[in-house]
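Please look through the sequence and the coordinates shown here before reading on. The text after them goes from the overall fold to single residues.

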Amino acid sequence: MGKKRYMIYDGNTLIGTYTSPEAGEIFSVSRYTISKYAYSGDRLHGRYTVKREEDVLEREKIIRKYDFREGWDKAVKPFRRRSWMWKEKRC
């Protein structure tokens with residue numbers, strides 16, 4: 001298994017993706033500080049947001065899956081039969 005990688009943002013702009021020792025060297029903090037900020041969600045030096053790459057990629061995967069289902073419902077809904085089996089759920 002490889003090292004964990006962290007995505008570092010300045011506002012909404014992605015600065016880069018680094019391992020904790022690389023990021024620690026760039027931002028003059030320990031590698032443990034990088035993982036601590038990624039876990040807590042606080043801003044590093046009051047400016048930079050640190051996120052784990054795994055978390056970001058998983059969130060994107062979930063969003064894409066949701067978009068697919070929404071598109072599928074729009075495509076299939078007009079062709080559904082009107083019967084007790086196809087009753088729409090009311091929210």
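The model is predicted. The protein has three helices and four strands, and along the sequence these elements come in the order β-β-α-α-β-β-α. Of its 91 residues, 22% are buried. Where contacts join residues at least 6 apart in sequence, 37% of them are between residues at least 24 apart.

The largest nonpolar core has 11 residues: Tyr-6, Ile-8, Tyr-18, Ala-23, Phe-27, Ile-34, Tyr-37, Ala-38, Leu-44, Tyr-48 and Val-50. At least two core residues come from each of strand S1 (5–10), helix H1 (20–27), helix H2 (31–40) and strand S4 (48–52). H2 gives the most, with three residues.

Which residues of H1 are buried? They are Ser-20, Ala-23, Gly-24 and Phe-27. These four cover an arc of only 105° around the axis, so they lie on the same side of H1. The buried residues of H1 pack against S1, strand S2 (13–19), H2, strand S3 (43–44) and S4. Just after the helix, Ser-28 takes a positive phi of about 55°.

Ser-20, in helix H1, has a relative accessible area of 14% and counts as buried because the cut-off is under 20%. Leaving aside neighbours within four places in sequence, Ser-20 is in contact with Lys-4, Tyr-6, Arg-31 and Ile-34. Tyr-6 and Ile-34 are among the residues of the nonpolar core.

Phe-27 is also buried, at 11% relative accessibility. Not counting residues up to four places away in sequence, Phe-27 touches Ile-8, Leu-44, His-45 and Tyr-48. Ile-8, Leu-44 and Tyr-48 are listed in the core together with Phe-27.

How many aromatic pairs does a search of the whole structure find? The search finds one. Phe-27 and Tyr-48 form this pair, with 4.9 Å from centre to centre and 55° between the planes, and the pair is tilted. The pair links distant parts of the chain, with Phe-27 in helix H1 and Tyr-48 in strand S4, 21 residues apart. Tyr-48 has 16% relative accessibility and therefore counts as buried.

Another ring takes part in an arrangement with a charged side chain. Lys-51 lies over the face of Tyr-9, at 5.2 Å from the ring centre.

Is Lys-36, at 53% relative accessibility, buried or exposed? Lys-36 counts as exposed, because exposed means over 50%. Between Lys-36 and Val-50 the C-alpha to C-alpha distance is 9.2 Å, and the two are 14 residues apart in sequence. Val-50 itself is one of the core residues.

Terms used
Residues are numbered from 1 along each chain as its sequence is written. This is a predicted model: local features need pLDDT of at least 70, side-chain atom pairs count only at pLDDT 80 or more; totals for chains, interfaces and linings use all residues. Side-chain values use heavy atoms; hydrogens and water are left out. Buried means under 20% relative accessible area, exposed over 50%, partly exposed in between (1.4 Å probe, protein chains only). Contact means heavy atoms within 4.5 Å. A nonpolar core is a set of buried Ala, Val, Leu, Ile, Met, Phe, Trp, Tyr and Cys residues joined through side-chain atoms within 4.5 Å. The arc is that of the directions from the helix axis to the C-beta atoms. Rings of Phe, Tyr and Trp (its six-membered ring) pair if their centres lie within 6.5 Å; planes under 30 degrees apart count as stacked, over 60 as edge-to-face and the rest as tilted. A charge sits over a ring if NZ of Lys or CZ of Arg is within 6 Å of the ring centre and within 35 degrees of the ring normal.
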